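Please look over the sequence and the structure shown here before reading the briefing that follows.

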Amino acid sequence: MGAFVVWNQNADRTGFEAKAATSYNNSDVTINRSPIGSSELGKGSSELNTLAESLTASYGVKLGENWMASPYAVIRHTSVASSAYTERASANLTVPLSYNGVYQDSTTALLGVKFAGLVYKNTTIQASAGYEQDLQNSVNNYMATGLEGLTSITFNPDIQRSRAVASFGANYEVAKGHNIGFNTIYRQESFQNVDTKMAYVNYTLGF
């Protein structure tokens, strides 16, 4: 689920713009523990809950007749939590392990600029580049119980707190109220040496 509200100073989106957004996701997760050596195959179920909120301020500036640049600043807060669970006992699992819940909380500031313009009749492109910095990032350790000698797992002990993000997209108005778009996104993640690359196509119908 998600919701957002936007206020624009001017109808053509020049001047100040403010946006507040929030989203919530709840997912069921199945976790499989692969056997290593003489260990057993374990399987359990958990819930994953994600809550995110953001506040965005930007300022649109006309660059000629068909182009606009919009510097922006964002504050984003995200919390991700998985619930505790115990592996299900079976004929192949004589010692099921129990795991604690894991919780991560982060607050991030983003600075960047967006460009958008008309390149051909009914065809627009948009691009953005930015930089994000973690103001706060905390996560607890992952611990299993049920056997002696087990140690906790520290997730992401060396967080990459400064990251780059960029995007590019194009939109074509097929007919009035009908648009098809293509978007690509690149971003560095908090895990060291991990990048995310995404591409997707969407169709929008106005009514």
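Two strands pair if DSSP finds at least two bridges between them, and strands (E, at least two residues) are DSSP runs numbered from the N terminus. The model is predicted, so local features need pLDDT of at least 70 and side-chain atom pairs count only at pLDDT 80 or more, while totals for chains, interfaces and linings use all residues. Residues are numbered from 1 along each chain as its sequence is written, and side-chain values use heavy atoms, with hydrogens and water left out.

**Sheets**
- Three strands form an open antiparallel sheet in the order β5-β6-β9, with β5 (85-86) and β9 (144-145) as the edge strands that each pair on one side only.
- Two bridges join β6 (residues 98-99) to β9, and Ser98 has Thr145 as its bridge partner there.
- Another open sheet, with antiparallel pairing, has nine strands in the order β1-β2-β3-β4-β7-β8-β10-β11-β12.
- β1 (2-8) and β12 (195-205) stand at the edges of this sheet with a single partner strand each, so one side of each is left without a neighbour in the sheet.
- Strand β3 (residues 42-63) is joined to the antiparallel strand β4 (residues 67-82) by 14 bridges, and Lys62 has Met68 in β4 as its bridge partner.

**Aromatic rings**
- The structure holds three aromatic pairs (ring centres of Phe, Tyr or Trp, the latter by its six-membered ring, within 6.5 Å; planes under 30 degrees apart count as stacked, over 60 as edge-to-face and the rest as tilted).
- Phe16 and Tyr59 have ring centres 4.7 Å apart and planes at 75 degrees, so this pair is edge-to-face.
- Tyr99 and Tyr142 have ring centres 5.2 Å apart and planes at 25 degrees, so this pair is stacked.
- Ring pairs link Tyr85, Tyr99 and Tyr142 into a cluster.

Technical notes
Helices (H or I, at least four residues) and strands (E, at least two) are DSSP runs, numbered from the N terminus.
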